[in-house]
Amino acid sequence: MNGASPALLFRLACAALLAYARWPSDVAFHCAFKTLTGLPCATCGMTRAWIHFAHGDVGAAVVQSPLGSVLFVVAALVVVFGPPPRTWRAGFAPLWIAAGFALNWIYSLATGVA
Ligand SMILES: [Zn+2]
């Protein structure tokens with residue numbers, strides 16, 4: 001096989017995201033959904049949660065975005081151990097992921113933290 005495998009690329013992408021959370025740039029991201037509606041989207045607050053987590057403030061990360069905190073840990077596990085096996089990703093995993101985003105969105109709407 002020529003080139004890097006998808007698993008290696010996924011690990012590198014996770015590592016890059018974790019590095020960004022540790023050393024974020026001054027570039028500010030603006031959520032188009034929040035700009036248009038005034039309401040947070042399902043992923044609002046995740047970048048700030050990752051930055052909190054990467055700087056050791058787990059409590060602030062969880063308050064900012066519970067799902068973002070979980071995804072930070074998942075990304076770290078992917079960097080160390082690689083992506084989960086294909087059999088794990090099939091089946092109920094997409095439902096759990098969709099439920100996680102839905103619950104995170106409800107949390108953001110209810111608390112207004114994001
Ligand atoms: Zn958003």
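Helices (H or I, at least four residues) and strands (E, at least two) are DSSP runs, numbered from the N terminus. The model is predicted; local features need pLDDT of at least 70, side-chain atom pairs count only at pLDDT 80 or more, and totals for chains, interfaces and linings use all residues. Residue numbers start from 1 along each chain as its sequence is written.

**Figure 1. Overall fold of the protein.** The protein contains seven helices and zero strands, in the order α-α-α-α-α-α-α along the sequence. Its C-alpha trace spans about 50 × 35 × 30 Å along the principal axes.

**Figure 2. The largest nonpolar core.** This core has 13 residues; a nonpolar core is a set of buried Ala, Val, Leu, Ile, Met, Phe, Trp, Tyr and Cys residues joined through C-beta atoms within 7 Å. Those with the most contacts inside the core are Met 46, Ala 49, Trp 50, Phe 53, Leu 71, Phe 72 and Ala 75. At least two core residues come from each of α1 (6-22), α3 (46-54) and α5 (66-81).

**Figure 3. Surroundings of Phe 53.** Apart from neighbours within four places in sequence, Phe 53 is in contact with Ala 21, Val 58, Ala 61, Ser 69 and Phe 72 (contact: C-beta atoms, placed from the backbone, within 7 Å).

**Figure 4. Helix α5 and its buried residues.** The 16 residues of α5 reach 23 Å from first C-alpha to last, close to the 22 Å expected at 1.5 Å a residue (the expected span being 1.5 Å times one less than the number of residues). Leu 67, Gly 68, Ser 69, Leu 71, Phe 72, Ala 75 and Val 78 of α5 are buried. The buried residues of α5 pack against α1, α3, α4 (58-64) and α7 (93-111). Just after α5, Gly 82 adopts a positive phi of about 90 degrees.

**Figure 5. Packing of α5 with α7.** The two helices, α5 and α7, pack at about 140 degrees with axes 8 Å apart (axes are lines fitted to C-alpha atoms, for helices over the stretch in contact, and angles run from 0 to 180 degrees between N-to-C directions). Helices α5 and α7 are therefore oblique to each other, the class left after under 35 degrees (roughly parallel), over 145 (roughly antiparallel) and 65 to 115 (roughly perpendicular). Pro 66, Leu 67 and Val 70 in α5 meet Gly 100, Phe 101, Asn 104 and Tyr 107 in α7.

Key. A residue is buried if 20 or more other C-beta atoms lie within 10 Å of its own, exposed if 12 or fewer, and partly exposed in between; C-beta atoms are placed from the backbone. Two residues are in contact if their C-beta atoms, placed from the backbone, lie within 7 Å.
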